[in-house]
Amino acid sequence: MKSSTGTIQKGRRERIRTGFALAMMLRRNRQRSDGSPPPLFIIGSGRSGNTLVRRVLMATGAIHIPPETFVLGDIIESWSRLHGLMWREKVWLFCAHFEKHPQFADFGLVNLNDFAAEAIGLTDRSLPSLIAAFYRYLAQADHSEATRWGDKTPYNTFHLPALRAAFPDAQFLWLVRDGRDAALSYVEAGLYDDFQTAAARWVDANSACESLAQTGADVFRMSYEALVEDPEASFQDICDWAALPFEPAMLTAPSARLGDVETHAHHENVRSPISAKSVGRWKSRLSREDLAQVRGEFASMLEKMGYEPH
């Protein structure tokens with residue numbers, strides 16, 4: 001029992017320490033502005049049109065959004081623990097986080113040696129500056145001339161306080177999809193083994209986004225159903241909010257190499273024409289037993305997000 005209690009107390013102290021570090025980071029970074037456009041984070045549950053939005057926004061030519069980064073939130077939350085290290089050591093550890101992730105190959109890079117050499121010479125030796133330099137490097141590696149960067153990693157949804165602490169001026173595009181369709185898609189894509197676990201992920205993700213929206217962050221909510229049923233109006237609204245150019249031709253423009261789309265089967269529909277055929281698929285694919293497993297929080301979140309409960 002003592003060991004268990006000690007572990008719990010240690011975890012609580014670690015969360016308090018991380019929360020304090022993020023609060024201090026937010027205060028510092030609110031005073032930091034170099035005049036560059038704010039980053040744009042696509043957030044929400046996975047299987048909600050995240051990669052489709054990435055494809056269309058990339059077609060503006062004004063923003064570069066790389067394949068999913070996975071480790072960004074972890075880096076921000078652990079950064080304060082590196083305060084005793086030299087700058088070059090921090091850069092090396094930053095790069096190692098990305099290089100050691102199993103999906104690093106999606107970036108189309110052998111390693112980050114060239115970036116590390118550039119980053120060690122940065123004048124602004126802050127974490128936000130290092131992150132921004134990393135995303136600019138990824139854009140250049142993809143031969144993009146975009147001056148703005150974004151990210152569309154669904155896992156970031158569980159690190160939103162960290163993202164906002166590092167980038168107080170960031171814009172957050174919150175994508176919402178009927179949780180029954182989103183959870184079903186997770187299972188059919190092989191990303192979750194069962195509907196109940198996938199449904200819990202959907203609830204947790206949207207709860208995190210809801211909490212962020214209540215902090216006063218620049219959050220814009222858009223439904224997957226609107227994206228696929230009226231893509232021109234929906235993407236016009238997104239681009240107006242994000243101060244990005246929009247032309248209807250962007251919706252059908254052939255995409256450049258997207259990295260993860262070419263590599264992972266669960267992204268294969270992204271290159272297809274935008275279609276509403278997957279809206280409401282849960283009605284014919286889920287059993288009463290499936291739906292009975294996810295009442296309570298799931299049903300409550302469905303209603304909150306504007307969907308009729310089952």
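Biologist: At what angle do helix α4 (residues 87-99) and helix α6 (residues 127-141) pack?
Modeller: In this predicted model, local features need pLDDT of at least 70, side-chain atom pairs count only at pLDDT 80 or more, and totals for chains, interfaces and linings use all residues. Residues are numbered from 1 along each chain as its sequence is written, and side-chain values use heavy atoms, leaving out hydrogens and water. The axes (lines fitted to C-alpha atoms over the stretch in contact, with angles from 0 to 180 degrees between N-to-C directions) of α4 and α6 are 12 Å apart. The two helices (DSSP runs of H or I, at least four residues) pack at about 50°.

Biologist: How is α4 oriented relative to α6?
Modeller: The angle between α4 and α6 is about 50°. Since angles under 35 degrees count as roughly parallel, over 145 as roughly antiparallel and 65 to 115 as roughly perpendicular, α4 is therefore oblique.

Biologist: Which residues of α6 make the contact with α4?
Modeller: Contact means heavy atoms within 4.5 Å. From α4, the contact is made by W87, V91, F94 and F98. From α6, it is made by L127, L130, I131 and F134.

Biologist: How is α2 (residues 50-58) oriented relative to α11 (residues 231-242)?
Modeller: The axes of α2 and α11 come within 12 Å and cross at roughly 70°. That angle makes α2, relative to α11, roughly perpendicular.

Biologist: Which residues of α11 make the contact with α2?
Modeller: The α2 side consists of L52, V53, V56 and L57. The α11 side consists of F235, I238 and C239.
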